[in-house]
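User: I am new to this structure and would like a short tour. Could we begin with what a term means before looking at any part?
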Amino acid sequence: MDHRRLGRSGLRVSTLTMGTMTFGGAGAFAAVGSAGVDQARRQVDLALDAGVTLFDTADMYSDGLSEEITGEVLEGRRDDVLIATKARMLVGPGANDGGASRHHLVRSVERSLRRLRTDHIDLYQIHEWDGQTPLEETLEALDTLVRSGKVRYVGASNYTGWQLMKALATADAHGYQRYVSQQIHYTLQARDAEDELVPLSLDQEVGVLVWSPLAGGLLSGKYRRGVDAPAGSRHLGEWSEPPVHDQEKLYDVVDVLVDVAQARGVSAAQVALAWLLGRPGVTSLVIGARTEEQLSDNLAAADLVLAPEERQRLDDVSAVPLRYPHWHQAATAGDRLSPADLSLLGPHLDA
């Protein structure tokens with residue numbers, strides 16, 4: 001498996017990251033997966049054998065049980081892997097049991113370290129923007145955690161473009177540790193990130209980790225026009241992450257995915273993942289699976305390289321209209337565009 005540099009850091013991570021949201025199955029996370037220690041260990045073994053070096057979790061997944069299981073199954077081989085986790089979401093009933101305050105982050109790190117059975121976290125990510133905590137407080141706390149040795153690198157997740165740029169500028173102004181990555185949702189079904197987040201990443205050298213790269217299973221090939229989904233599957237109207245705004249367009253995308261996959265003798269899921277791995281700015285895809293068969297199939301995507309004509313078909317069927325001011329830039333300012341600008345506007349300049 002290839003490894004790519006994470007942002008402007010010197011750290012290299014595998015192009016596929018193993019997500020552990022399916023570990024534990026406590027509370028609402030039972031709907032995502034409920035792998036216990038034995039099943040999680042088998043999945044981790046498969047990932048390691050395939051060359052995965054980064055494992056991603058969060059303190060809120062199954063009320064901390066995901067971190068506990070991750071720590072247990074990685075014990076004894078911790079030095080050979082990288083562990084990423086997150087904090088910010090509510091993890092208790094107290095007034096300070098959420099957010100990105102210094103109090104909450106320092107306490108959350110200590111709790112995560114104990115659950116993960118480690119003395120440091122390789123990538124510590126702020127799970128969501130906190131609009132009520134001064135940004136300087138959050139970044140100073142993260143800087144202190146890095147300098148203490150408890151955290152190696154820091155990242156963001158689910159920020160807007162302006163929020164991420166503000167955080168990077170604030171870190172630069174104060175000499176704090178800079179976010180080396182952002183973890184975002186980005187798929188053939190939802191290409192919103194291409195408007196601001198991907199160009200920003202290219203311009204500022206921020207790594208991109210993609211969560212739910214199969215859109216929660218929407219791009220697995222089992223949800224097709226006129227075909228009954230397997231028993232137990234969700235209906236399209238039940239999706240909130242990601243929401244399905246245009247069901248017919250989704251079916252069109254899946255039709256092309258399946259067509260390309262059948263011609264190559266691979267799964268639709270592998271094609272969807274391979275498309276993402278070839279997009280500008282993308283560093284690694286965070287994959288997770290309910291079963292070992294699904295995981296093995298997803299892992300095989302690391303070796304799939306799509307032909308230019310296959311990529312073009314997928315680009316065309318999933319394309320969305322340019323939003324303002326991008327359509328105006330493409331029409332009037334095509335003479336002075338940066339590589340970051342061209343990641344979005346390039347295909348539209350000849351249109």
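Analyst: Buried means under 20% relative accessible area. Please note that the model is predicted.

User: Thanks. Which residues in α4 are buried?
Analyst: In α4, the buried residues are Leu135, Thr138, Leu139, Ala141, Leu142, Asp143, Leu145 and Val146.

User: And what covers the buried residues of α4?
Analyst: The cover includes helices α3 (102-116) and α5, together with strands β6 (121-126), β7 (151-157) and β8 (179-185).

User: At what angle do α4 and α5 pack?
Analyst: Helix α4 (residues 135-148) packs against helix α5 (residues 161-174) at about 65 degrees, and their axes are 10 Å apart. The crossing is right-handed. On the α4 side, Leu135, Glu136 and Leu139 meet Lys166, Ala167, Thr170, Ala171 and His174 of α5. By class, this contact has four nonpolar, two polar and two charged residues.

User: What follows α4?
Analyst: Gly149 follows α4, and its phi is positive, near 90 degrees.

User: New topic: how many aromatic pairs are there?
Analyst: With ring centres within 6.5 Å as the rule, the count is six. One of them joins Tyr159 and Tyr179 edge-to-face, at 5.8 Å centre to centre with 85 degrees between the planes. Tyr159 is in the loop between β7 and α5, whereas Tyr179 is in strand β8, 20 residues apart. Both Tyr159 and Tyr179 are buried.

User: Which residues are linked with those two into a cluster?
Analyst: Ring pairs link Trp129 and Trp162 with Tyr159 and Tyr179.

Terms used. Residues are numbered from 1 along each chain as its sequence is written. This is a predicted model: local features need pLDDT of at least 70, side-chain atom pairs count only at pLDDT 80 or more; totals for chains, interfaces and linings use all residues. Side-chain values use heavy atoms; hydrogens and water are left out. Axes are lines fitted to C-alpha atoms, for helices over the stretch in contact, and angles run from 0 to 180 degrees between N-to-C directions. Helices (H or I, at least four residues) and strands (E, at least two) are DSSP runs, numbered from the N terminus. A crossing is left-handed if the near helix is turned anticlockwise from the far one by less than a right angle, and right-handed if clockwise. Contact means heavy atoms within 4.5 Å. Ala, Val, Leu, Ile, Met, Phe, Trp, Tyr, Cys and Pro count as nonpolar, Asp, Glu, Lys and Arg as charged, and the others, Gly among them, as polar. Buried means under 20% relative accessible area, exposed over 50%, partly exposed in between (1.4 Å probe, protein chains only). Rings of Phe, Tyr and Trp (its six-membered ring) pair if their centres lie within 6.5 Å; planes under 30 degrees apart count as stacked, over 60 as edge-to-face and the rest as tilted.
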